[in-house]
Amino acid sequence: MGISGLAKVIADNAPHAIHKQEIKSYFGRKVAIDASMSIYQFLIAVRSEGQMLQNEEGETTSHLMGIFYRTIRMVEYGIKPLYVFDGKPPQLKSGELAKRLEKRQIAIKGMTEAKEAGDQESFDKHSRRMVKVTAQHNQECKRLLTLMGIPFLNAPCEAEAQCAELCRAGKVFASASEDMDTLTFNSSILLRHLTFSEARKMPIDEIHLKKALEGLDLTMDQFIDLCILLGCDYCDSIRGIGPHRALALIRQHKTIETVLENLDQSKYPVPEDWPYKASRELFKNPDVLSGDTVDLKWNEPDVEGVIQMMVKENGFSEQRIRAGVEKLTKGLKVAPQGRLDGFFKVTSSPSSKDASGKRKSMEGPAGTKGKKGRVAPAKSKGYKPRR
């Protein structure tokens, strides 16, 4: 679920925090991708005549096709993807998982009724609600990624939290997920729709946390409390308090504790044993691997290994798989060109002044200062200034 209504809250109150981008904008970027969310999307979207793809043994292969082709597409655009898989869910998430199980049971009943009535559209709708990413799906995707030379990471707990940690540590440019709680875990940049933007002909939403906080006029601690009030995977929201009221309450009272002290609980009943403190702690100090200890490597694909898995074991076209691996190999071999925004470090604008009132300059990659705020390129062997 992520955070209920958070995307709209940011869009309405901090629209400058959201940038619409095309996939080509991320050339040369490393991105940490929420693997389970992506696999779920592939299971939903990659179908033939309304049904998930299967091999001769009747085993689902939609996730493999999705991981294979969408990953190649990203690499072709110069993106270096890293997939992060969920670990053991926190105990606080048990309630949300129970709700999902109940929804699947309702979907089973709906499928049965739709089949008896011959309602194919209703049957397809309920069948999509039955989709669940299994341990087998994850293991198969990990095996395929290894053969493709694409790194992955097993998070100790929530994948979104691990993606956020890698982003904070500077190991990747951004986290990619559909779950808005990636921002609540303090990811500086969140990319939504990255893995399917082209397939659905829609832009990628690049959301900047710092700008979102500025637009919402909240600190990070207040933002976390807002997300809890909105409703998250770890505790229910307070009935009657919608997104607009939740933001107004946090802006006025600053913390959930003060909100509760001033809330008419006869009108807005707080859930019994509401675990907002534990939820807050989970968002602030999640169980993650330190980003400083993670070493990311993209390797040359094992061509024959991919052929064995995708063609011989799962029945995909050898011609198409070989063509895909060729694109992947070419994309991974191309050394990403330096991005201008990474080459030059701007310490201030040309018109800004320091504490003494003197105008500051800008620095190039070698720390060389140019006249009148210009950036002087770093000198290298054989360098001659242009005349």
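## Briefing: strands, helices and ring contacts

A search through the whole structure turns up 6 aromatic pairs, where rings of Phe, Tyr and Trp (its six-membered ring) pair if their centres lie within 6.5 Å, with planes under 30 degrees apart called stacked, over 60 edge-to-face and the rest tilted. One of them joins tryptophan 274 and tyrosine 276, a tilted pair at 5.3 Å centre to centre with 40° between the planes. This is a predicted model, so local features need pLDDT of at least 70 and side-chain atom pairs count only at pLDDT 80 or more, while totals for chains, interfaces and linings use all residues. Numbering runs from 1 along each chain as its sequence is written, and side-chain values use heavy atoms, with hydrogens and water left out.

**Rings and charges**

- Tryptophan 274 is buried at a relative accessible area of 10%, and tyrosine 276 is buried too, at 11%; buried means under 20% relative accessible area, exposed over 50% and partly exposed in between (1.4 Å probe, protein chains only).
- Phe185, Tyr234 and Phe283 come together as one aromatic cluster.
- Arginine 29 puts its charged end over the ring of phenylalanine 173, 3.9 Å from the centre; a charge sits over a ring if NZ of Lys or CZ of Arg is within 6 Å of the ring centre and within 35 degrees of the ring normal.
- Lysine 142 does likewise with phenylalanine 85, its charged end being 5.0 Å from the ring centre.

- Helix α6 covers residues 135–148; helices (H or I, at least four residues) and strands (E, at least two) are DSSP runs, numbered from the N terminus.
- Its 14 residues reach 20 Å from first C-alpha to last, close to the 20 Å expected, the expected span being 1.5 Å times one less than the number of residues.
- Buried residues of α6 include His137, Glu140, Lys142 and Met148.
- Among the elements covering the buried residues of α6 are α2, α3, β5 and α15, with contact meaning heavy atoms within 4.5 Å.
- Strand β5 is mostly covered, with 5 of its 6 residues buried.
- β5 runs parallel to β2 (residues 30–34), joined by 5 bridges, and parallel to β6, joined by 3 bridges; two strands pair if DSSP finds at least two bridges between them.
- Valine 84 of β5 stands opposite aspartate 34 and also opposite leucine 153 in β6.

**Strand β9**

- All 5 of the 5 residues of β9 (residues 204–208) are buried, so the strand is largely enclosed by the rest of the structure.
- Ile204, Glu206 and His208 cover one side, with Asp205 and Ile207 on the other, and all are buried.
- β1 (residues 18–21) pairs with β9 in the antiparallel sense over 4 bridges, and histidine 19 has glutamate 206 as its bridge partner.
- β8 (residues 189–192) also pairs antiparallel with β9 over 4 bridges, and isoleucine 189 stands opposite histidine 208.

**Around glutamate 165**

- Glutamate 165 lies in helix α7 (residues 159–168) and is buried at 14% relative accessibility.
- Its side chain makes a polar contact with that of arginine 168 at 2.7 Å; such a contact is a pair of N or O atoms within 3.5 Å, where within protein one must be able to donate a hydrogen and the other to accept it, and residues adjacent in sequence count only if both atoms are side-chain atoms.
- Leaving aside residues up to four places away in sequence, glutamate 165 touches Val288, Leu289, Ser290 and Gly291.
- Serine 290 sits in the loop between α13 and α14 and is partly exposed at 34%.
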